[in-house]
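Please look through the structure shown below with the report that follows at hand. The text takes up the pockets, then the nonpolar core, and then some local features of the chain.

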Amino acid sequence: MSVVLYDYWRSSAAYRLRIALGLLEIPHDVVPVNLLTGEHRGPENLARNPQGLVPTLEIDGRTMTQSLSILEYLDETRRAGFLPEDPAGRQRVRALSYAIAMEIHPVCNLSVAKYAAEHSGGGVTMQGWMQQFIPRGLAGVERMLGDGMAGTFCHGDGIGMADICLVPQIYNARRWEVDLTPFPRICEIMANLEDLAAVRAAHPDNHKPDD
């Protein structure tokens, strides 16, 4: 049974699943959904993703939405190790993941930033918005990583869900020229992550459409 990822190359949530599928070496087909043309709001995408979002993953005979819930599904069905086995460790990794995916990502979603810029009367730019909110969120994550439980990656020396969330967020920070020097732990972990072939392969530049 084939695995299909409905993807947009610059979607942070889709980027997470590209990393996860690569780490697990799960062969899959990719179907692009163009957010810029509004394809995600069309009937075909709404039929598989009622929120009109990406990603959607077809796997194991099911159609799944919401990247973090899919990461947990992959962890539970493939013994991926994205979450630690102990409850305290799982809570910590979830907290780090949520700090990125549920705190930084929503307010820095392109549709939110674009709306703010377009309705600010010229007082807000997209880059200014990103440079206001991304560092604020990353500062919290940096402090969370200072609890002595980080190692090569966000939780010890195994790549987990928090790392999978961190990679796209740092891509966006760099895209919007956010100064990352105040976040040495994050930068060290990111450098370790970028040594992984699956992380490099998932980079948006490798999935950018030709046109």
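By class, the lining of the largest pocket in this predicted model is made up of 20 nonpolar, 15 polar and seven charged residues. These belong to a lining of 42 residues in total, and those that lie nearest the centre of the pocket are Leu-35, His-105, Asn-109, Leu-110 and Ser-111. Two or more residues of the lining come from each of helix 1 (12-23), helix 3, helix 4 (87-107), helix 5 (110-118), helix 6 and helix 7. Among these elements, helix 4 gives the largest share, with six residues. The volume of this pocket is about 1,100 Å³.

The second largest pocket has a volume of about 210 Å³. Its lining consists of ten residues, and Asp-7, Trp-9, Pro-32, His-207 and Pro-209 are the closest to its centre. The two linings can be set side by side in a table.

| Pocket | Volume | Lining by class |
|---|---|---|
| Largest pocket | about 1,100 Å³ | 20 nonpolar, 15 polar, seven charged |
| Second largest pocket | about 210 Å³ | six nonpolar, two polar, two charged |

In soluble globular proteins, nonpolar side chains tend to be buried together. The largest nonpolar core of this model has 60 residues, and within it Ile-134 and Leu-138 are the residues with the most contacts. Helix 7, which covers residues 161-175, gives the most to this core, contributing nine residues.

Which residues does Ile-134 contact, leaving aside its neighbours within four places in sequence? They are Ile-104, Cys-108, Gln-169, Asn-172, Ala-173, Trp-176 and Val-178. When residues up to four places away in sequence are not counted, Leu-138 touches Ile-104, Gln-169, Ile-170, Ala-173, Leu-180, Phe-183 and Ile-186. For a sense of scale, the C-alpha atoms of Leu-138 and Gln-51, which are 87 residues apart along the chain, are separated by 27 Å.

A further buried residue is Leu-71, which is found in helix 3 (residues 67-78) and has a relative accessibility of 0%. Leaving aside neighbours within four places in sequence, Leu-71 is in contact with Arg-16, Leu-17, Ala-20, Phe-82, Met-161 and Ile-164. The C-alpha atom of Leu-71 is separated by 28 Å from that of Thr-37, a residue 34 places away along the chain.

Aromatic rings come next. A pair of aromatic rings is described by the distance of the centres and the angle of the planes. The count of aromatic pairs in the model comes to three, and one of them, formed by Trp-129 and Phe-133, is tilted, with 4.7 Å centre to centre and 50 degrees between the planes. Both residues lie in helix 6 (residues 126-144), where they are four residues apart, about one turn of the helix.

Some features of the backbone remain to be described. The peptide bond that leads from Val-54 to Pro-55 is cis, with omega near 5 degrees, and Pro-55 lies in the loop between helix 2 (43-48) and strand 3 (56-59). Glu-25, although a residue other than glycine, has a positive phi near 55 degrees. Glu-25 is found in the loop between helix 1 and strand 2 (29-32), and with a relative accessibility of 69% Glu-25 counts as exposed, because the cut-off for that class is over 50%. Gln-66, also a residue other than glycine, has a positive phi near 70 degrees. Its place is in the loop between strand 4 (62-65) and helix 3, where Gln-66 counts as partly exposed at 43% relative accessibility.

How values were computed:
Residues are numbered from 1 along each chain as its sequence is written. This is a predicted model: local features need pLDDT of at least 70, side-chain atom pairs count only at pLDDT 80 or more; totals for chains, interfaces and linings use all residues. Side-chain values use heavy atoms; hydrogens and water are left out. A nonpolar core is a set of buried Ala, Val, Leu, Ile, Met, Phe, Trp, Tyr and Cys residues joined through side-chain atoms within 4.5 Å. Buried means under 20% relative accessible area, exposed over 50%, partly exposed in between (1.4 Å probe, protein chains only). Contact means heavy atoms within 4.5 Å. Rings of Phe, Tyr and Trp (its six-membered ring) pair if their centres lie within 6.5 Å; planes under 30 degrees apart count as stacked, over 60 as edge-to-face and the rest as tilted. On a 1 Å grid over the protein atoms alone, a cavity is a set of points where a 1.4 Å probe fits but cannot get out, and a pocket is an open set with protein on both sides within 12 Å along at least five of seven lines; lining residues have an atom within 4 Å of a point. Grid points are joined across faces, edges and corners, and a volume is the space filled by probe spheres set on the points. Ala, Val, Leu, Ile, Met, Phe, Trp, Tyr, Cys and Pro count as nonpolar, Asp, Glu, Lys and Arg as charged, and the others, Gly among them, as polar.
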